[in-house]
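Here's a friendly walk through a protein structure. Take a look at the picture, then read on.

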Amino acid sequence: MATSILQANEKIYEVMKPGSVLKSIDWNQLASNNPLEDSLAIAKLCDNRSYLLGVFDGHGGPACARVLAKRLLSYIAASLPSQHVSSLLLEQMTPTTEFRPEIESLYAHEFNQYHASVSHLRDTLSNDESQCSMDSTERALLTAFEAMDQQLSEEALAFLLGPEMSDILQRVPRWDWKPWWADAFPSRDKVLQLSTLSTAMSGAVATVAHISSNNLVIANTGDCQAVLGYLSEDGTWGALKLGKEHTSENPSEVERLYSEHPRSERDTVLRMDRLLGQLMPLRAFGDFRFKWPRHVLEKWIIPVLGESALPQNYKTPPYLSARPEIIKHSLSPRDKFVVIASDGLWDLLSPTQVVRLVGEHMSGRVALGPLTLPPGDVTLEEINKMLQQRREGLSKRPLDTNAATHLIRHALASTETGLDPDRLSELLSLPDDVVRLFRDDITIVVSYFDTDYLLKSLPQSNQE
């Protein structure tokens with residue numbers, strides 16, 4: 001019973017096309033909230049060699065995370081120069097939420113406007129001195145993250161405020177909303193208003209990886225994490241955290257927040273380790289009640305959602321941003337995989353534990369499949385070595401073929417003496433109103449690198 005629950009959402013994607021840096025991708029999700037507030041998205045770019053992988057951890061409901069999983073990777077793909085003229089931006093490998101036709105039509109309209117204007121947006125950002133040192137992938141991630149959040153804001157305001165939107169924001173909106181205001185369809189507009197406002201009032205943190213050739217670029221907003229697993233020279237596993245969480249435990253992030261507001265707000269901008277005493281992540285998509293001008297919240301949001309929609313000590317917004325931290329890493333043959341996960345995993349296991357578990361799972365998973373000999377002539381000594389490795393692998397043979405499932409099992413059931421199946425069964429059978437006290441939603445993506453590909457991509461002088 002426990003295993004069937006753990007494996008219900010697992011998937012493995014084997015990369016069959018040669019010339020790719022990725023060998024395979026394992027992913028899985030386990031809900032704590034009902035409905036699940038995490039989402040994920042995995043896609044292959046149209047060059048058939050580059051990949052985008054995203055984990056989105058929602059809060060205040062699943063709406064924002066689901067919208068990001070459906071839309072953000074396409075915005076990133078459109079922002080990459082090589083994708084700009086392509087009609088097929090990417091091939092989505094994970095299912096996405098199907099929204100009502102009115103919403104789908106809005107999202108298609110918005111993406112087409114973004115796609116048409118993205119080169120101008122890139123040029124605007126590239127003229128910013130702080131962006132001059134960025135390469136095209138970094139700039140694409142930064143552009144798409146900030147533009148996506150801007151669109152979520154404008155979509156909600158467009159159907160909440162109508163033509164007053166421009167006056168209230170005291171600027172011209174980025175997109176042309178006149179076609180939507182010109183024709184009144186009360187039933188359509190009500191659907192759009194409720195849906196876009198629900199997305200705007202909920203929030204989500206995100207970690208997205210762009211993997212191409214031997215380049216790994218991470219964009220992180222909030223407290224999801226990406227961790228690289230590599231083999232050290234002595235054969236032991238090492239873990240490299242790619243970026244830091246944007247929470248009150250990150251001193252540089254706290255200092256950034258303080259620097260953006262008057263000294264008089266130092267006692268209120270961060271209370272009880274939360275933004276304005278309420279929000280744990282210090283960067284996030286959505287959550288516009290921490291971003292919009294106070295008079296917008298007072299006039300338009302409080303009548304709909306009540307007084308609690310306006311945080312206490314709300315004086316100098318915006319307090320929150322979706323701007324990502326960008327981390328670059330050049331892959332070497334010692335790099336074996338990257339794990340991207342929501343904080344539901346990292347609350348239970350450290351990066352070192354996660355890498356060790358996936359590393360051991362790699363060895364054990366070999367033993368689950370048939371023994372295959374490499375092409376060409378093979379000596380008896382080489383066969384004997386393979387059999388020895390297989391025997392060692394059999395001793396570590398995992399219960400799960402999927403590494404993400406393997407991690408969830410160990411996160412829930414590990415004890416000092418090994419896995420405790422009774423503990424696992426208990427944690428998986430807790431009622432909905434209790435389970436959130438013990439664990440959060442867990443979403444994990446494990447991507448394996450092709451070592452042979454990375455060896456071939458080394459400069460000739462570095463190859464042995």
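## Before we start

This is a predicted model, where local features need pLDDT of at least 70, side-chain atom pairs count only at pLDDT 80 or more, and totals for chains, interfaces and linings use all residues. Residues are numbered from 1 along each chain as its sequence is written, and side-chain values use heavy atoms, with hydrogens and water left out.

Helices (H or I, at least four residues) and strands (E, at least two) are DSSP runs, numbered from the N terminus.

## An open sheet

Let's begin with a sheet. Here 6 strands line up in the order E1-E2-E17-E14-E8-E9, forming an open sheet with antiparallel pairing. Two strands count as paired if DSSP finds at least two bridges between them. At the edges you'll find strand E1 (11–14) and strand E9 (237–241); each has a single partner strand, so one side of each is left without a neighbour in the sheet. From one strand to the next, the twist averages 15°, with axes being lines fitted to C-alpha atoms and angles running from 0 to 180 degrees between N-to-C directions.

Glu14 sits opposite Ser24 in E2.

## A covered strand

Now for strand E3 (residues 38–45), where 8 of the 8 residues are buried, meaning under 20% relative accessible area with a 1.4 Å probe, protein chains only. In a regular strand the side chains alternate between the two faces of the sheet. Both faces of E3 are covered: one side carries Asp38, Leu40, Ile42 and Lys44, the other Ser39, Ala41, Ala43 and Leu45, and all are buried.

E3 has antiparallel partners to look at. 7 bridges tie E3 to E4, with Ala41 paired to Gly54 in E4. The hairpin of E3 and E4 has 5 residues between the strands, and Asn48 takes a positive phi near 65° there. Another 3 bridges join E3 to strand E5 (residues 90–92), also antiparallel, and Leu45 stands opposite Leu90 in E5.

Next up is helix H4 (residues 136–161). With 26 residues at 1.5 Å each, H4 should span 38 Å, and its end C-alpha atoms are 36 Å apart, which agrees. (The expected span is 1.5 Å times one less than the number of residues.) Of the 26 residues of H4, 23 are buried, so the helix is largely enclosed by the rest of the structure.

What about its ends? At the start of H4, a side-chain oxygen of Asp135 comes within 3.2 Å of the backbone nitrogen of Thr137. After H4 comes Gly162, with a positive phi near 65°.

A pocket is an open set of points on a 1 Å grid over the protein atoms alone, with protein on both sides within 12 Å along at least five of seven lines, while a cavity is a set where a 1.4 Å probe fits but cannot get out; lining residues have an atom within 4 Å of a point. This pocket is lined by 32 residues, and Asp223, Thr247, Met280, Pro281 and Asp343 lie nearest its centre. E4 gives the largest share of the lining, 3 residues.

There is 1 cavity of 30 Å³ or more. The largest cavity has a volume of about 40 Å³, the volume being the space filled by probe spheres set on the grid points. Its lining includes Thr207, Ile218, Cys224 and Lys244. Strand E7 (215–221) and strand E8 (225–231) each give two or more residues to that lining.

Key: Buried < 20%, exposed > 50% of the residue type's maximum accessible area, 1.4 Å probe, protein only. Polar contact = N/O pair within 3.5 Å; in protein donor to acceptor, adjacent residues only side chain to side chain.
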